[in-house]
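Subject: Structure handover

Hello,

Here is the structure for your work on pockets. Please look it over before reading the notes below it.

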Amino acid sequence: MEKSLRFGGKEKSSVMRVLAGYLLDKTGLTITKNDARKLTHLMIAFGKIDGVLIRTEHLAGLEKIALLKKWNPSLHILLSLVGAKPDSFSRVSAEEETRRRFAVSCWETVRRFDIDGVDLDWEYPCCPENFIEASPRDKENFTLLCEAIRKEFERRGEWKLLLTIAAGAGQYYVENTQMEKVSRYLDFVFLMTYDFRCGFHTLTGHHTNLYTSTGDLYRTSADAAVRLFLGSGVPASKIAIGGAMYSRMWTGVPDRNHGFLQPTEGSGKYGPVYSDLKADYINRNGYERFWDDEAKAPYLFNGNTFISYDDPQSLQCKCKYIKQHNLAGIFYWEHGGDRTGELLNAMTSILK
């Protein structure tokens, strides 16, 4: 049964959907011409915030940006930013002067590499759990940081430059940010609707499901996250939901209910990327694929190991949901996880 949102408008056939990917640049921007032509946005991961400056010398493929734009002149390329140190985001956003100088660095970096904007991956304001230093002041300072970057772009006459964020898909994120205010300065909110089950969880379950399954104690899903962000004041037209090209895996799982919603001694560690799942796991080597039609999500189980992941069917369900509820689009982490091309093709078939 289709589920409707309380917010959002009717589907508009003229809407250009976002189809965006994060691409790790460890060995160069390894993306094919065919894939580059399918995307609307590409986020290069990661530039590093060091004081008020942005470091890029560790990146290997920035010289390929011109080639990517030649392949697809409509492709918007952004540099995604993380902290070089645990306190990078909290410190750079804490004072007006540091925010101003960092905003200048954002503009200078965009101009240097002839890209289209920056993406802030602060995981997460006010929250020290993710190996960062945090302060209660982060909540307001995050808004001020985004405002400073936007105003610097506008001051330079760069009205078309993009500012986006990668946002945590849970209550903790909206409570520790001012999303209604923040979203005024953003082009898109890339809502990380994956890792719903991760290293914090010893109960097996879906890590990137569209809806919540009956009996799941955590009640997390892309749909629940979208409702939460809409309710916090973010326009539907700025929300993109996430897909995963990697899996989460639990071992030592009781052989009950096909391993689904079972307590384990260990947490959900990173599992194989989709290319490896396709080659060695999906209905191979003792693993059986199951489909949860309520959650619109697949999973694998071999009697001992449970694997949660996205596949073409689940991503097409997400894309149909995006069109139904007039969201901005979809993005994924991370491009190198699917050498088969099946996942990107599945998203393209619905959104384009």
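The notes below cover the pockets and one arginine.

This is a predicted model.

Largest pocket. Its volume is about 1,400 Å³. The lining has 46 residues, and those closest to the centre are Glu-123, Tyr-124, Asn-130, Met-192 and Asp-195. At least two lining residues come from each of the strands β1 (18-24), β4 (76-83), β6 (162-168), β9 (246-250) and β10 (269-273), and likewise from helix α3 (88-92). By residue class, the lining holds 25 nonpolar, eleven polar and ten charged residues.

Second largest pocket. Seven of the lining residues are charged and three are nonpolar, while none is polar.

Arg-248. This residue sits in strand β9. Its relative accessible area is 5%, so Arg-248 counts as buried, the limit being under 20%. The side chain of Arg-248 comes to 2.8 Å from the backbone oxygen of Gly-268. Beyond its neighbours within four places in sequence, Arg-248 has contacts that include Asp-195, Arg-197, His-207, Lys-269, Tyr-270 and Phe-306.

Regards

Technical notes: Residues are numbered from 1 along each chain as its sequence is written. This is a predicted model: local features need pLDDT of at least 70, side-chain atom pairs count only at pLDDT 80 or more; totals for chains, interfaces and linings use all residues. Side-chain values use heavy atoms; hydrogens and water are left out. On a 1 Å grid over the protein atoms alone, a cavity is a set of points where a 1.4 Å probe fits but cannot get out, and a pocket is an open set with protein on both sides within 12 Å along at least five of seven lines; lining residues have an atom within 4 Å of a point. Grid points are joined across faces, edges and corners, and a volume is the space filled by probe spheres set on the points. Helices (H or I, at least four residues) and strands (E, at least two) are DSSP runs, numbered from the N terminus. Ala, Val, Leu, Ile, Met, Phe, Trp, Tyr, Cys and Pro count as nonpolar, Asp, Glu, Lys and Arg as charged, and the others, Gly among them, as polar. Buried means under 20% relative accessible area, exposed over 50%, partly exposed in between (1.4 Å probe, protein chains only). A polar contact is a pair of N or O atoms within 3.5 Å; within protein, one must be able to donate a hydrogen and the other to accept it, and residues adjacent in sequence count only if both atoms are side-chain atoms. Contact means heavy atoms within 4.5 Å.
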